[in-house]
Amino acid sequence: MKEFESFVSQLQKWVQKDKSNFMGIIEKEVENPFAVATAAAKKEGYKDFSEDSAGAKKRDEIAEAIKE
């Protein structure tokens, strides 16, 4: 158990040290937040993405969260 706690501690330190690098990677990979948001909304079961539809609203909500 002590080895596991040590591993977790080391992992947490490593993540904190390189957090800015991780954030840069994440930001670079999401070039089109609407494409990612559409895929996420489809995974949640939305199929209609026409203007003012529930799917379009959910997609826009997810895209805004990705942009932040």
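**Figure 1. Overview of the chain.** The chain contains four helices and zero strands. The model shown is a predicted one. Along the sequence, the order of elements reads α-α-α-α. Of the 68 residues in the chain, 19% are buried. The accessible surface amounts to about 5,900 Å², and carbon and sulfur atoms contribute 54% of that surface.

**Figure 2. The buried face of helix H3.** Pro33, Ala37, Thr38 and Ala41 are the buried residues of H3. Viewed down the helix axis, these residues fall within an arc of 135°, so they line one face of H3. This buried set packs against H4. Lys42 and Lys43, on the other side of H3, are exposed. Just after the helix, glycine 45 adopts a positive phi of about 105°.

**Figure 3. The largest nonpolar core.** Five residues form this core, namely Ala37, Ala41, Phe49, Ile62 and Ala63. Helices H3 and H4 each provide at least two of the core residues. Alanine 63 is in contact with Pro33, Phe34 and Ala37, when neighbours within four places in sequence are left aside. In soluble globular proteins, nonpolar side chains tend to be buried together.

**Figure 4. Surroundings of arginine 59.** Arginine 59 belongs to helix H4. With a relative accessibility of 18%, arginine 59 counts as buried, because the cut-off for a buried residue is under 20%. Not counting residues up to four places away in sequence, arginine 59 touches Phe34, Ala37, Thr38, Ala41 and Phe49. Its side chain also makes a polar contact of 3.5 Å with the side chain of aspartate 60. Arginine 59 and aspartate 60 form a salt bridge as well, with the closest N and O atoms 3.5 Å apart. Aspartate 60 is partly exposed, at 33% relative accessibility.

**Figure 5. Salt bridges around lysine 58.** The structure has three salt bridges. Side chains of opposite charge can pair when their charged atoms come close. Glu44, Lys58 and Glu61 are joined in a network of such bridges. In one of them, the side chain of lysine 58 meets that of glutamate 44 at 3.7 Å, N to O. Lysine 58 lies in helix H4 and glutamate 44 in the loop between H3 and H4, so this pair ties together parts that are 14 residues apart in sequence. In another, lysine 58 meets glutamate 61 at 3.5 Å, N to O. Both of these residues lie in helix H4, three residues apart, which is about one turn of the helix. Lysine 58 is buried, with a relative accessible area of 18%, whereas glutamate 44 is partly exposed at 49%.

**Figure 6. The loop between H3 and H4.** The loop between helix H3 (33-43) and helix H4 (54-67) includes aspartate 52. Aspartate 52 has a positive phi of about 65°, although this residue is not a glycine. Most residues other than glycine have a negative phi. Aspartate 52 is exposed, having a relative accessible area of 63%. Serine 53 is found in the loop between H3 and H4 too, but serine 53 counts as buried, at 9% relative accessibility. The side chain of serine 53 reaches the backbone oxygen of serine 50 at 2.7 Å.

Conventions. Residues are numbered from 1 along each chain as its sequence is written. This is a predicted model: local features need pLDDT of at least 70, side-chain atom pairs count only at pLDDT 80 or more; totals for chains, interfaces and linings use all residues. Side-chain values use heavy atoms; hydrogens and water are left out. Buried means under 20% relative accessible area, exposed over 50%, partly exposed in between (1.4 Å probe, protein chains only). A polar contact is a pair of N or O atoms within 3.5 Å; within protein, one must be able to donate a hydrogen and the other to accept it, and residues adjacent in sequence count only if both atoms are side-chain atoms. Contact means heavy atoms within 4.5 Å. Accessible areas come from the Shrake-Rupley method with a 1.4 Å probe; for residues, only the protein chains shown count as cover. The arc is that of the directions from the helix axis to the C-beta atoms. A nonpolar core is a set of buried Ala, Val, Leu, Ile, Met, Phe, Trp, Tyr and Cys residues joined through side-chain atoms within 4.5 Å. A salt bridge is a side-chain nitrogen of Lys or Arg within 4 Å of a carboxyl oxygen of Asp or Glu.
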